[in-house]
Amino acid sequence: MLKIEHLKKWFGDLEVLKDINLEVKRGEVVVIIGASGSGKSTLLRCINFLEKAQKGKIYVNGKQVRQQEKQLNKVRQGLGMVFQHFNLFPHMTVIGNVMEGMIHVKNMPKEKAREKALELLEQVGLSDKADIYPAMISGGQKQRVAIARALAMEPEIMLFDEPTSALDPELVGEVLSVMTDLANKGMTMLVVTHEMWFAKEVADRVIFMDDGIILEEAPPEEMFSAPKEERTLAFLKQVL
Ligand code: ADP
Ligand code: MG
């Protein structure tokens, strides 16, 4: 589904991604952990071409994606992205936010988009909030709307960058529960998170990033009980 070969990224003189190789299979849930500044966000941003990597290849569905491609918007549509800050349009209702991309990117008729948006809001448990504005809902609810909005584009992979980091602790669970449902439905997911129980319960594979490299990669039970690398152990001791 997604394959990354020898990806390298510099910001000026600073090498932020140093030869990243990564594969995500259809239906797989891969969780990325690692200290702040290790390159996790930059990796996700390179995957959907919000950042330009200087070296390396990215394949989506077996096809190499080139940065200069006119098809880039099409490729981005296949990759749903959920950020730490939800960036909902404040002047649009909840359902308006979910419908927006279907109408303006997918050219879907309004009625059909509304129907689909309602289904998605139902899926994230927010059908009763459809007609109110983002300012009136909690952070956890906003993030669930952001997930519904990303799903509206029918992505093949969902990329999450610390989706619960900006939330009050009591709101984290509802977002992770929506993500867990999504994983159980077979969605391919690449998730950066510090929520270790999510990694333990939901991930097929956990990746530990350290200073721009993938230092270690293992199924969660192995990663959390018997990490091979000293630095992984040190990190886990801090967060567990
Ligand atoms: P993480 O998400 O793991 O915290 P990031 O990918 O955000 O790490 O950052 C990795 C490194 O790249 C950090 O040293 C950060 O300061 C640097 N960095 C990130 N974005 C930029 C940018 N736009 N310009 C310069 N340096 C950046
Ligand atoms: Mg980050």
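**Close-up views of a predicted model**

**Figure 1. Surroundings of Lys55 and His6.** Lys55 touches His6, Leu7, Lys8 and Trp10, where residues up to four places away in sequence are not counted and contact means heavy atoms within 4.5 Å. The structure is a predicted model, in which local features need pLDDT of at least 70 and side-chain atom pairs count only at pLDDT 80 or more, while totals for chains, interfaces and linings use all residues. Residues are numbered from 1 along each chain as its sequence is written, chains are lettered from A and ligands numbered from 1 in the order in which they are written, and side-chain values use heavy atoms, with hydrogens and water left out.

Lys55 belongs to strand β4 (residues 55-60), and His6 to strand β1 (residues 2-11); helices (H or I, at least four residues) and strands (E, at least two) are DSSP runs, numbered from the N terminus.

Figure 2. Most residues other than glycine have a negative phi, and most peptide bonds are trans. His6 is not a glycine, yet its phi is positive, at about 50°. Asn61, again a residue other than glycine, has a positive phi near 55°; this residue sits in the loop between β4 and β5 (63-65) and, with a relative accessible area of 37%, is partly exposed. Phe49, which follows helix α1, also has a positive phi, near 65°.

Figure 3. Leu17 is found in strand β2 (residues 14-24), and because its relative accessibility is 0%, it counts as buried. Apart from neighbours within four places in sequence, Leu17 is in contact with Leu7, Lys8, Lys9, Gly39, Thr42, Leu43, Cys46, Met209 and Gly212. In helix α1 (residues 40-47), 6 of the 8 residues are buried, namely Lys40, Thr42, Leu43, Leu44, Cys46 and Ile47.

**Figure 4. Packing of helix α3 against helix α4.** Two packed helices are described by the angle between their axes and the distance between the axes. Helix α3 (residues 94-104) and helix α4 (residues 110-123) pack at about 125°, with their axes 9 Å apart; axes are lines fitted to C-alpha atoms, for helices over the stretch in contact, and angles run from 0 to 180 degrees between N-to-C directions. That angle makes α3 oblique to α4, since angles under 35 degrees count as roughly parallel, over 145 as roughly antiparallel, 65 to 115 as roughly perpendicular and the rest as oblique. On the α3 side, Val94, Ile95, Val98, Met99, Met102 and Ile103 meet Lys110, Ala113, Arg114, Lys116, Ala117, Leu118, Leu120 and Leu121 of α4. The residues of this contact of α3 with α4 divide into 11 nonpolar, no polar and 3 charged, where Ala, Val, Leu, Ile, Met, Phe, Trp, Tyr, Cys and Pro count as nonpolar, Asp, Glu, Lys and Arg as charged, and the others, Gly among them, as polar.

**Figure 5. Helix α5 beside helix α6.** The axes of helix α5 (residues 139-151) and helix α6 (residues 169-184) come within 8 Å and cross at roughly 20°, which means that α5 is roughly parallel to α6. Gly139, Gly140, Gln141, Gln143, Arg144, Ile147 and Leu151 of α5 make the contact with Leu171, Glu174, Val175, Val178, Met179 and Leu182 of α6. By class, the contact of α5 with α6 holds 7 nonpolar, 4 polar and 2 charged residues.

**Figure 6. Helix α3 beside helix α5.** The axes of α3 and α5 come within 8 Å, crossing at roughly 25°, and the two helices are therefore roughly parallel to each other. Their contact is formed by Val94, Asn97 and Val98 of α3 together with Val145, Ala148 and Arg149 of α5. The residues of the contact of α3 with α5 comprise 4 nonpolar, 1 polar and 1 charged.

Terms used: Buried means under 20% relative accessible area, exposed over 50%, partly exposed in between (1.4 Å probe, protein chains only).
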